[in-house]
Amino acid sequence: MVTIGNAHDDLIHDAVLDYYGKRLATCSSDNTIKLFDIEGESYKLVETLVGHEGPVWQVSWAHPKFGSILASCSYDGKALIWKEQPETRQWSIIAEHKVHQASVNSVSWAPHELGAVLLCSSSDGKVSVVDFKDDGTSSHVIFDAHAIGVNSASWAPITSVDSKSPTPERKFVTCGSDNLAKIWKFSAKDNKYVEEARLEGHSDWVRDVSWSPSVLIRSYIATASQDRTVLIWSQDKSGKWQKQLLTDEKFPDVCWRCSWSLSGNILAVSGGDNKVSLWKENLQGKWESAGEVDQ
């Protein structure tokens with residue numbers, strides 16, 4: 001296990017490995033992003049990216065088919081797109097997304113089958129979706145999602161594409177300070193995102209939402225809330241979303257983040273007690289502890 005000490009001068013908000021697990025991007029309240037090369041038990045700081053004017057909340061690596069590209073979002077209301085030039089290994093900002101009126105709280109790249117598409121959520125209550133074209137241009141859609149602010153958003157995995165509809169479906173889930181999570185689906189007919197389902201079950205702000213990246217027996221969504229609970233959502237036979245408490249007892253503190261393993265069968269939950277707990281579903285469909293991460 002690699003432990004990186006003294007990486008930033010302030011709180012670290014996110015740390016994400018790239019597609020191959022060879023590079024780590026971290027971001028912090030010190031307004032910077034740091035990039036590390038990871039090899040075995042060793043690591044090396046290779047770059048510090050400076051461009052945001054406020055705390056950087058989240059980073060997201062694009063699929064390697066688009067090159068070495070990283071998106072970041074900040075309290076400064078911007079999402080920045082960074083690219084490494086393969087010849088020089090120098091990083092630079094190739095795009096600025098400045099359509100939000102408040103903090104941009106999350107950024108996530110769509111499944112690569114949809115192209116270079118970035119999803120942003122903001123405290124201004126809006127969500128924006130940016131399409132980056134091959135010729136360097138981009139277009140975006142922005143719409144109201146949660147009245148008091150959007151805290152996070154997560155793409156649905158691509159399920160099999162059928163011959164009747166050769167373009168894969170664009171769908172994602174958002175969560176907000178209105179205690180709700182909502183599922184949005186792109187309607188080609190109306191050329192906009194429409195609300196497909198509303199997930200009601202929390203009694204306080206929903207801080208994070210994560211759609212399981214692989215469809216196992218069914219599709220799962222996890223929501224983590226300030227009410228100290230995590231809910232697991234799955235669809236019944238009629239397509240209606242049903243909720244299940246991850247654990248009957250409340251967590252000791254606010255649940256800040258939840259994220260699935262790539263295989264989609266283990267959920268990690270982090271909270272205000274500075275602990276990360278792991279959970280997996282047993283054969284009876286109940287969720288049980290799979291351990292804790294001590295670091």
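So, how many salt bridges are there between domain 1 and domain 2? There are two, where a salt bridge is a side-chain nitrogen of Lys or Arg within 4 Å of a carboxyl oxygen of Asp or Glu. Let's look at one pair: Asp14 and Arg257 make a salt bridge, with their closest N and O atoms 3.5 Å apart.

Quick housekeeping. This is a predicted model, where local features need pLDDT of at least 70 and side-chain atom pairs count only at pLDDT 80 or more, while totals for chains, interfaces and linings use all residues. Residues are numbered from 1 along each chain as its sequence is written, and side-chain values use heavy atoms, leaving out hydrogens and water.

Now, the two parts. Domain 1 is 1-144 and domain 2 is 159-294, with bounds from an automatic or database domain assignment. Their C-alpha centres sit 22 Å apart.

What about the touching itself? On the domain 1 side, 13 residues are in contact with eight residues of domain 2; contact means heavy atoms within 4.5 Å. Together the domains bury about 870 Å², and 66% of that is on carbon and sulfur atoms. Buried area here is the accessible area (1.4 Å probe) that two parts lose on being put together, summed over both. Leu114, Leu119 and Phe143 supply 45% of what domain 1 buries against domain 2, more than any other three residues.
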